[in-house]
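My notes follow in the order I looked things up.

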Amino acid sequence: MKEKMKDIYWLPANILLFIGGLDVLRGFMHTFLLTWSATNFAKFDMATVPQDQVFLLGVFGISNFLTGFIYFLVSRKARELSPYVLMIIPLTYILGLIGIWSGNVHGQAAFDGKYFMLAYFSVCIITFIIFQFQKRGQANNAA
């Protein structure tokens, strides 16, 4: 246990592994459970929503599989990148939202997935902050 406390990459790498698992689960839900997820999480009315919109939700699931598997790889083979990848995740979503809003597109849907995503981003940010404190503490102990 004491070794884990000295290894400042242990927490971010394991959180990234967990986040990777969540992304693979999200990918599965967005693709293999697409209609169920669209109805229960995205709150789509399947009788009126265009099929292209449902298809795009499924395509997003493919990117969830991709990021999940990349997070697995980084967390196990390039652990030192894990805290930075965790911070890139919410920053990328912010960048994407800015791009969407710049096109004057504003979502009106009341989807339950937004609460999950807020928790997801919070875990990423809090883990990065903890890492920064550990890094600073390690630097102070070395001095």
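Before reading the pattern, I noted what counts as an element: helices are DSSP runs of H or I with at least four residues, strands are runs of E with at least two, and both are numbered from the N terminus. On that basis I read α-α-α-α-α-α along the protein chain. The tally came to six helices and zero strands. I kept in mind that this is a predicted model.

**Entry 1: the whole chain.** I looked up the overall extent, and the C-alpha trace spans about 65 × 30 × 20 Å along its principal axes. Of the 143 residues, 30% count as buried. I also checked how far apart in sequence the contacting residues lie. Among contacts between residues at least 6 apart, 82% join residues at least 24 apart.

**Entry 2: helix α4.** Does the length of α4 agree or disagree with what its 27 residues should span? I took residues 51-77 at 1.5 Å a residue, which should give 39 Å; the end C-alpha atoms are 40 Å apart, so the two agree. I then listed the buried residues of α4: V54, L57, G58, G61, N64, F65, G68, Y71, V74 and S75.

**Entry 3: α2 against α6.** I looked up this pair next and found a packing angle of about 165°, with the axes 10 Å apart. Angles over 145 degrees count as roughly antiparallel, and that makes α2 roughly antiparallel to α6. The crossing of α2 past α6 is left-handed. From α2, the residues that take part are L11, P12, I15, I19, L22, D23 and R26; from α6 they are F116, M117, Y120, V123, C124, T127, I130 and F131. Sorted by class, this contact has 12 nonpolar, one polar and two charged residues.

**Entry 4: α2 against α5.** Here the axes come within 8 Å and cross at roughly 45°. The two helices are therefore oblique to each other. P12, A13, I15, L16, I19 and R26 of α2 meet S82, P83, V85, L86, I89 and Y93 of α5. I counted the classes again: 10 nonpolar, one polar and one charged.

**Entry 5: α5 by itself.** Helix α5 has 21 residues and reaches 30 Å from its first C-alpha to its last, close to the expected 30 Å. Its buried residues are S82, P83, V85, L86, I89 and P90. The elements covering them include α2, α4 and α6. Just after α5, I noticed that N104 takes a positive phi of about 60°.

**Entry 6: R26.** Is R26 buried or exposed? R26 counts as buried because its relative accessibility is 9%, and the cut-off for buried is under 20%. Which residues does R26 touch, leaving aside neighbours within four places in sequence? I found F60, N64, Y93, F116, M117 and Y120.

Terms used: Residues are numbered from 1 along each chain as its sequence is written. This is a predicted model: local features need pLDDT of at least 70, side-chain atom pairs count only at pLDDT 80 or more; totals for chains, interfaces and linings use all residues. Side-chain values use heavy atoms; hydrogens and water are left out. The expected span of a helix is 1.5 Å times one less than its number of residues. Buried means under 20% relative accessible area, exposed over 50%, partly exposed in between (1.4 Å probe, protein chains only). Axes are lines fitted to C-alpha atoms, for helices over the stretch in contact, and angles run from 0 to 180 degrees between N-to-C directions. Angles under 35 degrees count as roughly parallel, over 145 as roughly antiparallel, 65 to 115 as roughly perpendicular and the rest as oblique. A crossing is left-handed if the near helix is turned anticlockwise from the far one by less than a right angle, and right-handed if clockwise. Contact means heavy atoms within 4.5 Å. Ala, Val, Leu, Ile, Met, Phe, Trp, Tyr, Cys and Pro count as nonpolar, Asp, Glu, Lys and Arg as charged, and the others, Gly among them, as polar.
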